[in-house]
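Subject: Structure handover

Hi,

Here is the structure I promised to pass on. Please open it alongside this note. My findings follow below.

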Amino acid sequence: MSDKVLEARPILERFRLDGRVALVTGGGRGIGRAYAHALGEAGAAVAILDMRLDLAASVVAELQAKGIDALAVEADVRREDQVQAALDAVLARWGKLTIGVNNAGVGLWQPSESMSLEQWNEVLSVNLTGVFVCAKIESQAMLAAGYGKIINTASMSGSIVNTPQCQAAYNASKAAVMHLTRSLAAEWAPRGVRVNSISPGYTRTLLVEDLLATPEGQQVMPRWMSLTPMGHMGEVTDLQGAAVFLAGEVSDFMTGADLIIDGGYCAW
Ligand code: NAD
């Protein structure tokens, strides 16, 4: 019997992403931007997809300053035609897509009894339908190649109900992203495409800072911190290692899983 441990390449080499091509949605700021930097630093070429081309272009400039091959594409993840055009641009530039990070999302605090259907649909369409649209289109290139790594951004809100703020649409969308992840993982595993998710806890980005700036937001922080064993919010850099791990060959036997990175919130 061969000795896999002795035959394997050194472990840090197996984390490298040289020669891989990544697409990061919502990559123009926040968590997506941090993922883009991490994947690029690990060796991948990176396309930044965002509905705000100005944000995507500025992240591309940051990546290029580090010597990372990068491309900005403008698309709304809810629009199949726009996501298809983004994938076409990636394929025209690099000829393949190996890593798809479906991260674009929106938050909403709204009591359910007064939530409009428009508000509900907005959250579900970006956070759930957008992930499906992107995964579907990414999978077409990956299944044809017989290999791919899809990483969806879920949230600890898919496993717990946040308090004290009311965010039923967001919570439902993220629970659905986790089960969509498992469903796609089972469907595509025999054909080489792995699908996993990362569930951040409270992480310092403009999405959260905007909510915290509201009158309601100023009340929540003490409660959040009392529920977080580590007692502080996460930084986007706390999530980067998980993305590199899930993007590379080192996690090739892993699919349908969710990595919770939340300072221990879900442990209580
Ligand atoms: P953010 O608002 O800072 O960044 C989101 C990015 O997505 C922006 O650049 C925005 O332009 C883009 N975007 C939004 N809607 C889009 C659409 N329809 N099409 C294309 N691009 C779109 O948010 P963030 O905090 O970095 O969150 C990123 C992801 O992480 C989201 O899915 C969010 O739900 C999830 N998340 C965040 C936290 C947190 O505490 N920040 C916690 C758990 C999960």
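Predicted model: local features only at pLDDT ≥ 70, side-chain atom pairs only at ≥ 80, totals over all residues.

Overall fold

The protein chain holds 10 helices and seven strands. Its radius of gyration is 18 Å, close to the 18 Å from the globule rule for 268 residues, so the chain is as compact as a globular protein of that length. Along the principal axes, the C-alpha atoms fill a box of roughly 55 × 45 × 40 Å.

Of the 268 residues, 50% are buried. Now the contacts with a separation of 6 or more: 74% of these join residues 24 or more positions apart.

On charges, the chain has 21 positive and 28 negative.

One residue in detail

Take a look at Thr181. It sits in helix H7, which covers residues 168-188. Is Thr181 buried or exposed? Thr181 has a relative accessible area of 1%. The cut-off for buried is under 20%, so Thr181 counts as buried.

The Thr181 side chain reaches the backbone oxygen of Val177 at 2.7 Å. Leaving aside residues up to four places away in sequence, Thr181 touches Asn152, Val195, Asn196, Ser197, Gly256 and Ala257.

Best regards

Terms used:
Residues numbered from 1 in each chain as written. Heavy atoms only, no water. Helix = DSSP H or I, 4+ residues; strand = E, 2+ residues; numbered from the N terminus. Rg over C-alpha atoms; globule rule 2.2 N^0.38 Å. Buried < 20%, exposed > 50% of the residue type's maximum accessible area, 1.4 Å probe, protein only. Contact = heavy atoms within 4.5 Å. Lys, Arg positive; Asp, Glu negative; His and termini not counted. Charge placed at Lys NZ, Arg CZ, Asp CG, Glu CD. Polar contact = N/O pair within 3.5 Å; in protein donor to acceptor, adjacent residues only side chain to side chain.
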